Amino acid sequence: MEGYPLLEVKELRTRFSSEKGTITAVDGVTFKVDYGETLGVVGESGCGKSVTAESIMRLLNEKSTRYDGEINFKGVNLLSLPEKKMLDIRGNEISMIFQDAMTSLNPVFTIGDQIAESIIVHQNLGKKEAMEKAVEMLRLTGIPSPEKRVHEYPHEISGGMRQRVMIAMALSCQPSLLIADEPTTALDVTIQAQILEVINDLKEELNMGVIMITHDLGVVAEVCTRVAVMYLGQVIEESDVDALFASPRHPYTRGLLKSIPTITGDRSQKLHTIQGVVPALDNVPKGCRFAPRCPYATDKCMTEFPLLETLENGQKIRCWHHQEIMEREAASDVITAAT
Amino acid sequence: MKAYILKRLLSMIPVLLIVAIFVFFLIHMIPGDPAAVMLGPEATPEEVESLKEELGLNLPIYQQFFEWSLHALQGDLGNSLYMNQPVLDAFTSHLGPTLSLALLAQGVSIFLAIPIGVLAARKRGTGIDRTFMIIAMLGMSIPSFLLALLLMLVFGVQLNWLPVAGYTSLSEGLWEHLKYLILPAISLGTIQAAVIARMTRSSMIDILSMNFIKTAKAKGLKQKVVIYKHAFRNALIPILTILGETFGALITGAVVTETVFNLPGIGQLVINAITRRDYAVIQGTILLIAVTYLFLNLIIDLLYGLVDPRVRLNRK
Amino acid sequence: MEVAKPIQHNQLVALEKDIKKERRQLAVKRFFSNKTVLAGSIMLIFLTLFAFIGPLISQFTPLQIDPANRLAKPSAEHWFGTDNFGRDLFSRVAHGAQVSMGVGLSVAVLTAVIGMVIGLYAAYYSALDHILMRISDALMAFPDILLAIAIMAVLGPQPVNVVIAVTLAKIPVVARIVRSSALVIKEQTYIEAMRAQGASSWRIIWRHILPNTVSPLIVQVTYVFAIAIILEAALSFLGAGVPAPDPSWGNILYDGKIVIYNAWWMTVFPGAFIVMAVLALNLFGDGLRDLLDPHSNKALKE
């Protein structure tokens, strides 16, 4: 196992067949996650973030879904594993936390039962020991008096608590990879911060790799080491988190960053928005997928499809004109700074 | 929980009262003189008068109702004019076949419907799903007595496999008992099965699309565990409701089905009572069935608490 | 500007016409693309034609006795065979269709009207609601056939009484459906606003709440229609419904049971028509529910 990266996704393509035809929800996604690293996956809703995550765990309906490419986990391609082997990986080696903790917990079982269930399945422990371990996990996530909580049902606890339960459940078997799909979106800001802290602490403790799926760049800045920006089923930019915030290359990433309101910003100025909406997946543009919404788009962008290009500093970008745009923006920044 | 049961019991009082009023006034809806109608055209005026006296029909109506209710509460539902025995005795002596039939039919329907419903939900949109749902639609559209006649035609008359009439009680041996009940139970259970299968399917489809199913899969649970433990336990809640609601349909069907197969059950008791104008029996029987139905629904309501913890909490 | 306005108005009218036409076309298209509702409608049309044209093309009347020709098998002369009195079964089943479907339709219309009024007023006046809902709880505690049997026992076996008995048994179901959708509407802000402005309750109930309860009402009434046909058949089969010698699907089955060993046709033909009628109405109701409620549509199709 040593020597292989924790997770290496290569040219992943996930297609759904439906009555209307085939839809490609994830189209050639490539990224890597190492032990102890947090990769942020960012993008608007419908860009394929969640499908990518669920593809890694192969949670999608196997009959109507086709996967291509490779998902190498510790050197083993998950896409070629039989379902039976996948059962040992899900919840054990790779775990997932979902966005909506209320609906992601089964309402008819106690939270203790639900945490203990994966411990029993993966660690060959008896019910009693599994329960003890469940209490232990709840304590790790910072839930007060966990020995009482295990006997409660999901509807009896608050939203933040539920997300902690989800985390306890996901981490109960010490996975090497944690996929968190918008784990804080449904929560209050203060609780958001606490939850992110819990995830981060446990990551350090277990030396896990984490994939943090979010549309919130604030979350990315807080916890991620690297970021992949997705648009319409493709990664369009990938870089260190610092580099991304300091010098975003792709026009879409720039747009995303500009659309964050800042406290110090000029209030009279209108907030930046990216014009247009994400096109439907069954109607993707021919050339660069962002071209119809891109302020810099040229004819080339409309007809020719850009590849993901790696720059000297390790930053990856999928754009024909990123060099010119950077130069132009730098110049205009100088001008605005001067005035 | 105790307080909840008490509350539910108290809330049943007005309903029971209305049921009682309705049953009581049934006899007064008879056009003309009830006593004369009961005794038939050959009765002499003296006989009519003495029956009136016996039934208390000469008393003011509120007093009649009061006395009737008082007796009913003590289990005295009057006497059958024709059979010369208390209505309650007549009812209990006819209860066995009906109960056996209803339970067997319910058993057959649950046994058939739930696996089919779950399978159809899992194979949603495929040929298997469509086939089962078309069969269910057909099953829902065949009145049980008609299916009884058709089964009788095929298995009793043409193939001669099973008896088409008669009954032996359980004390004569299980097979002897069941032999007479198989065809009635199938004809009675089919509509039930169709309704339950459709309900199970749609309820499972709803549940299978929920987020916690994904969580369960993400834990690495086998598909079987995901479906039967996580999904089915949730889908059971609406299925239980249907089971309670269809009890009425079960009795409806049992009454008519019994007549087709000549089973000496409640259905036969009622039908005979109608032809004999034995109104005390009609009153007593429908009162007892209505009360049973109300209590059965109460039990089903309490069962929810066992299946669904959210209900339990609300009741605390 | 002054000149432009009338043209704009004309355009608007034309546009509105177009939209209406389009909406109509869409409704027609949806109707025909919904196979369930289409299959149900075709079967219903067939049954209606059978009920009205059947008696005309038959050479026999339903009451014409021919003792020499008792229990004849289906033949070129007697398409469905003859019964134990030698009466032509085709003619009896066709006349029975009028009776059985007539009873069903009357029950459907009556429960719809009465159930609607009760449901609407129960939803609007909460004091009334308590009383009416306890009464309907009580009525619903009686299995519908027992209730109907009891009423028939009292009123006597007549087609009109079948309608009364079954209607009484089914009103609570319809009233509840109307009430629950009316309650949802009643709680909406615009109804409260209207009440605050002093709109009369009559106007609120009939002009604003009623239209929103129509879809579930129609769907439910379709099912009631089907149940009424089953109940009529059951009552007549038990001898408590439509009295002999007039034919109804139920009492033909009653005659047929006595001779089930000798004449399968007396059970199979009326039976097939009952199943077809009930199936048609169930399909129609299911399809209609999908058409009128996009949510359930999705749930079913997916």
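In this predicted model, chains A and C don't touch, and their nearest C-alpha atoms sit 10 Å apart. That leaves 2 pairs of chains that touch, and the pair with the most contacts is B and C.

Take the A–B pair to begin with. Here 24 residues of chain A are in contact with 20 residues of chain B. On the chain A side, the elements that supply two or more residues are helix H2 (83-89), strand S6 (94-97), helix H3 (101-104) and helix H4 (111-123). H4(A) gives the largest share, at 4 residues.

Over at the B–C pair, 41 residues of chain B are in contact with 35 residues of chain C. The chain B side draws two or more residues from each of a run of helices: H1 (2-26), H6 (127-140), H7 (144-158), H8 (174-208), H10 (223-261), H11 (266-275) and H12. Its make-up is 34 nonpolar, 5 polar and 2 charged residues.

B:Ile286 counts as buried because 24 other C-beta atoms lie within 10 Å, where the cut-off for buried is 20 or more. Leaving out residues up to four places away in sequence, B:Ile286 touches B:Val23 in its own chain, plus C:Phe142, C:Leu146 and C:Ala150 across in chain C. Another chain B residue, B:Ile18, is 268 residues away from B:Ile286 along the chain, yet the C-alpha atoms of the two are separated by 13 Å.

Turning to chain C itself, an unreviewed UniProt entry places the feature "transmembrane region" at residues 37-57, 99-123, 217-238 and 258-284. Two of these stretches can be set against the model's own secondary structure. Residues 37-57 of chain C come out as 100% helix and 0% strand, with 29 Å between the end C-alpha atoms. Residues 99-123 of chain C are likewise 100% helix and 0% strand, and there the end C-alpha atoms are 35 Å apart.

Definitions and conventions. Residues are numbered from 1 along each chain as its sequence is written. Chains are lettered from A and ligands numbered from 1 in the order in which they are written. This is a predicted model: local features need pLDDT of at least 70, side-chain atom pairs count only at pLDDT 80 or more; totals for chains, interfaces and linings use all residues. A residue is buried if 20 or more other C-beta atoms lie within 10 Å of its own, exposed if 12 or fewer, and partly exposed in between; C-beta atoms are placed from the backbone. Two residues are in contact if their C-beta atoms, placed from the backbone, lie within 7 Å. Ala, Val, Leu, Ile, Met, Phe, Trp, Tyr, Cys and Pro count as nonpolar, Asp, Glu, Lys and Arg as charged, and the others, Gly among them, as polar. UniProt positions are given in the numbering used here, feature names are shortened, and annotations may be inferred rather than shown by experiment.
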